[in-house]
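Hi there,

Here is the structure I promised to pass on to you. Please open it first, and then read my notes below with it beside you.

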Amino acid sequence: MKQILILLLSLSFSFSYSQLSTRTIEVKSGQMEKFIEMAGKKTKKYNNEEGSARFWTYEILTGSDAGKIWRMRAASSEYMDNWDSNSEESQYWMKNVGPYIKNGSVNGNYMWNYVGEMSHNVDSENQNHVMALIYTYKASGEQDFWRFRERVVAARKAMDTAPKGSMHSVLCSSGCNGNVAIILFEYESFSDQQRYNQEMLPKMIEKYNELFGNDAYEQDGEKVDKALVENGRGRMHLRFIPEASSD
Amino acid sequence: MRKLFLLITILSFSIVSSQVAVTRVLDVKPGQMEKMMEGVAKKTKMFNSGADDAQWYTFQILSGANAQDLWRVQIAENIAGLDDVDTEGNAYWQKTVGDLHESGAVRRWGKANPASYTPEVSELKPLTRALFFNFDPTKSDDFWNFRVRLANAHKEAGTSAWMETWWCSSGCDGSGAVVFYYFKDYSDQMAANEQVQKAIDKYNELHGNDAYEYDLEKMIESLMPNGQKIRDLMFLPELSSPITN
């Protein structure tokens, strides 16, 4: 734990080996199906090979960006250094996908580090419904914030029946204001999420308290609340689009 | 240490010797980037290439809400260097690229030399990671203590990490500072982890076991809520004054 916290505290001063980046894309009205088809063709053609960048495509379902596309890229430093707007891959995107994007509506670019120690990967199948919890925490609240996340991972791993969907933690390394982390939970659907909350979540909390002491979940959760900046908690739902994503 | 903060306070009112900078974001209108870049390059070549001309440097913002926009920086050796108004150059700017962008807030910065470290640099390092901080003025000792000690640790360890710290002298809300790390490319940035570790080891050697972790935590506690933001930038030499060193 100590080492992980030092790492996290130092992240502003260290650099990840594989960089995730995200951007939001607004698709022209009525062109979503075509966009997905062409983005999918591009992704399957250029982004499945060893050494290539990998892309994951989501549709944003809630919030002010509902209806837009959220596209996440994982790329090595070598790939990023050699990126060329005139490459065959870039030109293919511009020519075949670009026409379905609203003019000037590829917004922002945010870079993220995947925090493996604070994530719980399971063999997810058909878990295309994603809830993203977006947190902005005070610099001084870093330890309290991540302690809770680490303990949730431990509790999930200790459950008799593992959750069907993974839980991924990413920490913004560049482009955000403040310390922003996103925790992505995978489910099959809204109803599956509801079922998880009714059946599995109480078991996870029970396991959490069993591992870390009576009421630890509640106490740690309160510390997280205090660790956040004002309005530092957001939530959005996403639909993962496998046909427009790397395999 | 107290002396340093007193010095910085005094500097807020009378910058006399350290380098100063003026920055602004240029929000380029959709579809106008190519034309904007051409115009900025031409203007800079015409009006900002001589040793006596105002020195302007241009970066492209790579992350955040302003990704793809430009960040224009004027650097002068001292505050007097900002007194001259380049009427002709400004008029040319307005005429050629004025309609292609919206200009953001103007901020002034002074270089905090004790919190900066420049190794021997033999090649261009255009990839820049900028850490913007907003700190509680009542805890500025903790903020600057860490920054100065870290720069010194890099120096004593002889690392190849190039790190510059500037403090906001005007135009910021609250007490602001920015730390720049310069890299050749992303591979070089990745390799910097090793240099950072060397500096941490030296830091603890100089100031005691766990001093780095302790001071870092104090620095973090000195920040305002939401008091840190990180941006990646790419230096564009063809849109900038010649680099002299």
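**A kinked helix in chain A**

Helix H6 of chain A (residues 190-212) has a kink of about 40° at A:Met200, shortly before the proline A:Pro202. The bend at a residue is the angle between axes fitted to the seven residues ending there and the seven starting there. Helices (H or I, at least four residues) and strands (E, at least two) are DSSP runs, numbered from the N terminus. After H6(A) comes A:Gly213, with a positive phi near 110°.

Some background before you go on: this is a predicted model, in which local features need pLDDT of at least 70 and side-chain atom pairs count only at pLDDT 80 or more, while totals for chains, interfaces and linings use all residues. Residues are numbered from 1 along each chain as its sequence is written, and chains are lettered from A and ligands numbered from 1 in the order in which they are written.

**Two asparagines with positive phi**

Most residues other than glycine have a negative phi. A:Asn126 has a positive phi, near 55°, and sits in the loop between strand S4 (101-114) and strand S5 (129-137) of chain A. A:Asn231 also has a positive phi, of about 55°, but this residue is found in strand S8 (residues 228-240) of chain A.

A:Asn126 is partly exposed because 14 other C-beta atoms lie within 10 Å, and A:Asn231 is exposed because it has 8 C-beta neighbours inside 10 Å.

**Chain B as a whole**

Chain B has six helices and nine strands. Its radius of gyration, taken over C-alpha atoms, is 19 Å, close to the 18 Å that the globule rule (2.2 Å times the number of residues to the power 0.38) gives for 245 residues, so chain B is as compact as a globular protein of that length. Buried residues make up 40% of chain B.

Between them, 13 residues of domain 1 are in contact with 14 residues of domain 2, where contact means C-beta atoms, placed from the backbone, within 7 Å. On the domain 1 side, S9(B) gives the most, with five residues.

**The cores**

A nonpolar core is a set of buried Ala, Val, Leu, Ile, Met, Phe, Trp, Tyr and Cys residues joined through C-beta atoms within 7 Å. The largest one has 78 residues, and B:Trp109, B:Met163, B:Trp166, B:Ala177 and B:Ala199 touch the most other members. Helix H4 (residues 140-157) of chain B brings the largest share, seven residues. Another core lies apart from it, with 23 residues, including A:Tyr110 and A:Trp112.

**Where the chains meet**

How many residues of chain B are in contact with chain A? There are 31, and they touch 30 residues of chain A. S9(B) gives the most to the chain B side, with nine residues. That side has 14 nonpolar, nine polar and eight charged residues; here Ala, Val, Leu, Ile, Met, Phe, Trp, Tyr, Cys and Pro count as nonpolar, Asp, Glu, Lys and Arg as charged, and the others, Gly among them, as polar.

Enjoy exploring!

How values were computed:
Two residues are in contact if their C-beta atoms, placed from the backbone, lie within 7 Å. A residue is buried if 20 or more other C-beta atoms lie within 10 Å of its own, exposed if 12 or fewer, and partly exposed in between; C-beta atoms are placed from the backbone.
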